[in-house]
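Subject: The structure, and what turned up in it

Hi there,

Here is the structure for you to look at. Please open it alongside this note, and I will walk you through the findings below.

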Amino acid sequence: ESYRKSLSLDPNNPDTLNQYSYQLAEVGRLEEALAMRQRLQALEPFVPAFNDAVPEFLWLNGQTEAAIAAYRMMPPDRRGTGLARAYAASGQYAEAAEALVGLSSERYPPAQVNQAVRLLRAAPAKTDVLQGLPRSSVLNFVYLYVGAPERTLDFPESEVEAGFHGGAIRWFWHPIYAPVRKSERFKALMRKIGLVDYWRERGWPQLCRPTTGDYFECY
């Protein structure tokens with residue numbers, strides 16, 4: 001509501017458009033979020049901090065090939081794990097692993113990166129050795145491809161337990177996370193962070209709907 005009020009006063013404020021688009025993605029309003037990012041890109045085409053997020057929002061909306069193409073046009077040091085996520089979602093596991101090689105050791109612990117690379121190179125084979133990846137917000141996507149999709153919830157659950165919610169939810173709206181969204185763990189997390197109350201008041205996202213009583217389902 002505060003973002004909407006801000007835009008009513010200054011419809012083209014780039015910082016508001018930037019932050020509001022992330023908030024829309026967090027609550028599952030992906031098409032609106034992408035449209036806002038593209039509007040921002042048209043208004044401010046030369047700001048890397050704004051443009052760097054566009055491929056992620058394409059990916060979230062299922063436009064994986066477009067996201068890969070956009071990531072490949074970016075300097076490697078600005079891609080983060082985004083290109084690896086997009087490659088993995090399209091089944092290009094070797095390319096996803098290679099995209100993680102060389103990540104900055106200052107931002108990404110080498111031991112975690114090496115384990116993620118190893119698992120991706122073995123994907124989609126299931127593995128029983130999953131302890132090497134801790135509750136990392138940026139690398140736990142690998143669990144989707146080695147037979148342990150619900151392990152992707154470890155990090156956001158730990159954030160909530162610590163009293164903090166820092167934006168690790170929007171990735172769960174990508175199509176590849178459908179098995180996770182159907183789980184009771186995911187539903188419990190949505191209740192705990194207040195999104196179910198928000199949806200009941202403001203409208204349900206495309207990928208979730210109420211059922212009977214206080215229950216709901218996501219798909």
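Which residues of helix 12 (residues 184-192) are buried? Before the reply, a word on the source: this is a predicted model, in which local features need pLDDT of at least 70 and side-chain atom pairs count only at pLDDT 80 or more, while totals for chains, interfaces and linings use all residues. Residues are numbered from 1 along each chain as its sequence is written, and side-chain values use heavy atoms, with hydrogens and water left out.

The buried residues of helix 12 are Phe 186, Lys 187, Leu 189 and Met 190. (Buried is under 20% relative accessible area, exposed is over 50%, and partly exposed is in between, with a 1.4 Å probe and protein chains only; helices are DSSP runs of H or I with at least four residues, strands are runs of E with at least two, and both are numbered from the N terminus.) Seen down the helix 12 axis, these residues fall within an arc of 160°, so they line one face; the arc is taken from the directions from the helix axis to the C-beta atoms. Turned away from that buried side are the exposed Glu 184 and Lys 192.

What do the buried residues of helix 12 pack against? Their partners are helix 10 (154-161), helix 11 (178-181), helix 13 (195-202) and strand 2 (216-218), where contact means heavy atoms within 4.5 Å. Met 190 itself touches Ile 169, Trp 173, Leu 195, Val 196, Trp 199 and Phe 216, leaving aside residues up to four places away in sequence. After helix 12 comes Gly 194, with a positive phi near 90°.

Met 190 also belongs to the largest nonpolar core, which has 66 residues, and is among those with the most contacts inside it, as are Trp 173 and Trp 199. (Such a core is a set of buried Ala, Val, Leu, Ile, Met, Phe, Trp, Tyr and Cys residues joined through side-chain atoms within 4.5 Å.) Helix 7 (residues 82-89) gives this core its largest share, six residues.

Helix 6 (residues 64-72) is worth a look too. Its buried residues are Thr 64, Ala 67, Ile 68 and Tyr 71. They fall within an arc of 100° seen down the axis, so they line one face of helix 6. These buried residues pack against helix 5 (54-60) and helix 7.

Happy browsing!
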